[in-house]
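My entries follow in the order I made them.

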Amino acid sequence: MNRRLPITLLLLAAAPLSLWFALSQGSLNIDALGIWRALLGNHDNATTYLVIHELRLPRALSAFAVGGLLALSGALLQVLLRNPLADPYVLGVSGGAAVATLLSMLAGLGTGWLRGNAFLGAMLSMLIVFGLSRTGSAWTQNRLLLTGVVVAAGWGAVISLILAVAPAPQVQGMLFWLIGDLTYASQPGAAIVTLVAGLAVSLWLARPLNLLMRGENVAATLGENPARLRLIIYLLASMLTALAVTLAGSIGFVGLVIPHILRLAGGSDHRYLLPASVLLGGGFLTVADTLARSGAAPMQLPVGVLTALLGVPVFLFLLARTR
Amino acid sequence: MLRTDHLTLRVAGRTLCDRLDAGFSAGENWVFLGANGSGKTTLLHALAGLREPDRGSVLLDDIPVRDTPHRQRARRMGVLFQDFESAFPATAIETVLTGRYPRLGRWQWEGTEDYRAAEAALEAVELAGFAQRPLATLSGGERRRVEIAALLAQDAPICLLDEPTNHLDLRHQARILNMLADRTHRPGHLNIFVLHDVNLAARFGTHGILLFDDGECLHGSLPEILTRPNLERLYRCHLREIHADGSRWYLPD
């Protein structure tokens, strides 16, 4: 349990390094001094300045924010549903976003429309699941989980239908979106603000979440209102996921596995787990995205493929080593 | 401290208790006895404010318990549940420290006093060296004792305990019930136990409620209600009564 502080410090140091790595990689070779000067606002070399400020920095920050959002959302949903298999997409938020995005692509709308519709789709799905799982007096996490899973399956069917009827040239773009891709993520502002705000709210809930791990009744008798807690976590996790999906499509794996890696490494205290998830999720996705865009250049891979290719062996290794 | 006012509880159309008026006072060790499904746990949950009564109310310090804010309730009353869950890894000391939650501010970290209380609680259940052990590596009885330690660390004047002796070996059954019952010597403290063992109940209880199958509830001083005819009716079986060392022992025939 005393490994928590060193792990957090390590992650705090690793996060800027991952961003630096993202800034240093690309078709244009820029040395460390050049990056630093461009970051400080030095216009001497206009190309360097443009590449850093217009291309690499927004994309690196987007990747970091999306990774942080997904890992945080995953950690919250796992404890809310008390199910280690939960990930940010389990309750159908990304399915709603995906259907809205694919329909927009089919209609030939521009990137801005895709974003807006993806967010609307995510919110719609969140409200559907919330409304359906609330009917009746009881609002148990099992009911929520089942409703979410079934709604997600429904979206999945619609996605398959759209893919089946879409004209061939559009299908690759759709697949990239579904696997998760940061190519068009050039405006990280909203995601960063949401990430910081979401982390603040999560930290405020960190100790109640520790109680929730022992069960709802225990949380209630130790001074928390479980119904209120559940509602806040559900809304928060859905918002975080919606933002991430809107920016980058449904990148898999980060939200499921990052919290588990950190639990294996340092335990389940949410005061450690939540900020550490943001740092590791963000750093991990930044590195993965950098490799996705520069590893096989000039070909760009969808980052969702790389997160799984990188993460699966790491996680299996950790799992095999513990106990 | 705690009392029921015309409390009626029903589960699936069956009445568990009907207009129960019972008062629980400081210094008393109450025991709820009854057959499986007679409503002991439901009654305990209603007392804890976790369950809306079908009629009547439960009053904590003369205020309906469901109107008392959760946090205030948690400072007055602690509950040991029948079963426990742990989907995620946690150590014994982390689990026990959750008992300190009602005493800490929202942003406050556990201090030395809380660690001391948690360690003392682990020691009281004879798990002194187990603080850093993951719960997954503990036996059923040891995990039960960790839960009891969390309740002790909470240090609430009123304790509601649902089958505290579950999974415990003979030695720990007696030792831990003894230690818990002794709490009521401190001013303002009250215990309510759900127990299956009539003989342990007779040894540690002062008052009791017998929940019969037909919805009748008998409550009062334990020596008065704990008679062979009552128990035979309660469990619907013949009992053998043994007199030894000046006390009565009941065994199923």
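**Entry 1: α4 and α7, chain A**

I began with helix α4 (residues 93–106) of chain A and helix α7 (residues 168–179) of chain A, whose axes come within 11 Å and cross at roughly 160 degrees. Angles over 145 degrees count as roughly antiparallel, so I put α4(A) down as roughly antiparallel to α7(A). I noted the crossing of α4(A) and α7(A) as right-handed. On the α4(A) side I listed A98(A), T101(A), L102(A), M105(A) and L106(A), and on the α7(A) side Q170(A), G173(A), M174(A), W177(A) and L178(A). I sorted the residues of this contact into seven nonpolar, three polar and no charged.

**Entry 2: confidence**

This is a predicted model, and I checked its scores before going on. I read an ipTM of 0.91 and a pTM of 0.92. For chain B I found an average pLDDT of 93, with 100% of the residues scoring at least 70.

**Entry 3: α3 and α11, chain A**

I then turned to helix α3 (residues 46–80) of chain A and helix α11 (residues 226–248) of chain A. Their axes come within 9 Å and cross at roughly 150 degrees. α3(A) and α11(A) are therefore roughly antiparallel to each other. I recorded a left-handed crossing where α3(A) passes α11(A). From α3(A), I found S62(A), V66(A), L69(A), L70(A), L72(A), S73(A), L76(A), L77(A) and L80(A) in the contact. The residues they meet in α11(A) include R230(A), I233(A), Y234(A), L236(A), A237(A) and L240(A). I also noted T241(A), L243(A), A244(A), L247(A) and A248(A) among the α11(A) residues. The residues of the contact of α3(A) with α11(A) divide into 16 nonpolar, three polar and one charged.

**Entry 4: α12 and α13, chain A**

My next pair was helix α12 (residues 254–266) of chain A and helix α13 (residues 270–294) of chain A, which pack at an angle of about 125 degrees with their axes 9 Å apart. The crossing of α12(A) and α13(A) is right-handed. α12(A) brings V254(A), I258(A), P259(A), L262(A), R263(A) and G266(A) to the contact, while α13(A) brings Y272(A), L273(A), A276(A), S277(A), L280(A), G281(A), F284(A) and L285(A). I counted ten nonpolar, three polar and one charged among the residues of the contact of α12(A) with α13(A).

**Entry 5: the sheet, chain B**

In what order do the six strands of the open sheet in chain B lie? I read the order as β7-β8-β9-β4-β10-β11, with mixed pairing. β7 (77–80) and β11 (217–221) of chain B stand at the edges and have a single partner strand each, so one side of each is left without a neighbour in the sheet. From one strand to the next I found a twist that averages 15 degrees.

Within this sheet I looked at strand β4 (residues 29–34) of chain B and strand β9 (residues 190–194) of chain B, which run parallel and are joined by four bridges. W30(B) stands opposite I192(B) in β9(B). I also found helix α5 (residues 140–154) of chain B lying across β7 and β8 (158–162) of chain B, and running at about 180 degrees to β7(B).

**Entry 6: where the chains touch**

How many residues does the contact take from each chain? I found 23 residues from chain B and 23 residues from chain A. On the side of chain B that touches chain A, α2 (70–76), β7 and α3 (92–97) of chain B each supply at least two residues. α2(B) gives the most to that side, with three residues. I sorted the residues of the side of chain B that touches chain A into twelve nonpolar, seven polar and four charged.

Key
Residues are numbered from 1 along each chain as its sequence is written. Chains are lettered from A and ligands numbered from 1 in the order in which they are written. This is a predicted model: local features need pLDDT of at least 70, side-chain atom pairs count only at pLDDT 80 or more; totals for chains, interfaces and linings use all residues. Axes are lines fitted to C-alpha atoms, for helices over the stretch in contact, and angles run from 0 to 180 degrees between N-to-C directions. Angles under 35 degrees count as roughly parallel, over 145 as roughly antiparallel, 65 to 115 as roughly perpendicular and the rest as oblique. A crossing is left-handed if the near helix is turned anticlockwise from the far one by less than a right angle, and right-handed if clockwise. Two residues are in contact if their C-beta atoms, placed from the backbone, lie within 7 Å. Ala, Val, Leu, Ile, Met, Phe, Trp, Tyr, Cys and Pro count as nonpolar, Asp, Glu, Lys and Arg as charged, and the others, Gly among them, as polar. pLDDT is the predictor's confidence in each residue, from 0 to 100. Two strands pair if DSSP finds at least two bridges between them.
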